[in-house]
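Please look over the structure shown here before reading the questions and answers that follow.

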Amino acid sequence: MSRSAEAIEVGDEHIRSSNFEIVQQKSIDCSAEKRKSLRARYFYGILFLVTNLSAWFIRDYAQKALPLLHYIKACRTGGRDCFHTLGVLRVSLGCFIFFLLMFLTTCNTKKLYEVRNNWHSGWWSLKFFMLVVSIAVPFFFPSDYIQLYGKFNLRVYCKMIFLVLQLVSVIEFIAWWNKCWKPDQERKQSCSLGLFMSTLFYIASIFGIVLMYYLYAHRLACSLNIFFVTWTAILLIVMMVISLHSMVNRGILSSGIMASYIVFLCWSAIRSEPANEICNAQKQVNGNGDWTTILSFLTAICAIVMATFSTGIDSQSFQFRKDKVQLDDDIPYNYGFFHLIFSLGAMYFAMLFISWNLENSARKWSIDVGWASTWVKIINEWFAATIYIWKLISPVVRQPKVMDHEEPNQQIDDSITP
């Protein structure tokens, strides 16, 4: 009996050790797959950036650099329908097709061991070939279909949708920043760095306000620009005062980040005004942009890519239920939502490159120019400031209601207690 008991005990130990090794191996495999999936986000971001640069090249320089396009039947005489506005739309349509295919093939992925997870995180040679084919195919479509795609973008796809998604990503970034730099007694160095960064953000914001007054609101005739800049300065002061109020006490770091963001939106809105306006200091010499035009153009492209990327990985902000437990073998982010946002971003960058105008081609090194763009950015600035101020004061506004509900309960408890 003793030998059989020892044999059973040894067998149990062997089974437990085998199970532990299996669980450990599974955990290691899940960690490796999760890291691979997280790295894949940056590859998709790079592909999206390359597509944006390709659209810019097709719009401004492909007419001389790519003479083979002149011989494509769909491009018509001289290839005029494959450059400038229609060229941008063709590249955008190809990018949209690619990410739509990725959305359709990954939208229901839940676990890291699924085949669709391997498709999302690997097979890059095949995906690059798919992207090239997807961009090339629209250049053989008749121009009428490309015009229809552009009209769909212009009339149906609302600019505010994507700007709201961009705003959500900024709000999430502020929440992350506050979490990382939350001051306490054990992290004095982090608190000092947070104070330094908040001061830096406010100095940059004030400098931006002064610079906009000097460049775009230096005449009394520029009343609209004066209003834009002045109202931005007022919003900056209001956000700082509320965040420092004793009842809110949120510090100045998050308000400094938000102040920089709304100053950037105001500057971007004024830069979107038509260049022939007397209050807009933009100039072009010999068809080439000056350094401020080139800088704003590159900044806008980076903003498009970053807004698309940050929104695509932040699907939790658009979920009604946020109490779902994340398991080890769950995917780290929603693949379908990620590719859907990139497909919408493909439609969005097309409208920016053609300045929301299907009739006239945008000039070189310009992006998102026109009164429609100006007002959308200004409204987005006001909306962003309103949302942020509400996030600051909402706990204070709701607190009295909570106290009112607690007082009756407290009175009942006191009456019961002998």
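H84 is found in helix α3, where helices (H or I, at least four residues) are DSSP runs numbered from the N terminus. This is a predicted model, in which local features need pLDDT of at least 70, side-chain atom pairs count only at pLDDT 80 or more, and totals for chains, interfaces and linings use all residues. Residues are numbered from 1 along each chain as its sequence is written, and side-chain values use heavy atoms, with hydrogens and water left out.

Q: Is H84 buried, partly exposed or exposed?
A: H84 has a positive phi of about 55° although it is not a glycine. Buried means under 20% relative accessible area, exposed over 50%, and partly exposed in between (1.4 Å probe, protein chains only). With a relative accessible area of 30%, H84 is therefore partly exposed.

Q: Where is W123 placed?
A: W123, which is not a glycine, has a positive phi of about 55°. Its relative accessible area of 58% makes W123 exposed. The place of W123 is in the loop between α4 (115-121) and α5.

Q: How are α3 and α5 oriented to each other?
A: Helix α3 (residues 84-106) and helix α5 (residues 124-136) pack with their axes 7 Å apart, at an angle of about 140°; axes are lines fitted to C-alpha atoms over the stretch in contact, and angles run from 0 to 180 degrees between N-to-C directions. Angles under 35 degrees count as roughly parallel, over 145 as roughly antiparallel, 65 to 115 as roughly perpendicular and the rest as oblique. The orientation of α3 and α5 is therefore oblique.

Terms used: Helices (H or I, at least four residues) and strands (E, at least two) are DSSP runs, numbered from the N terminus.
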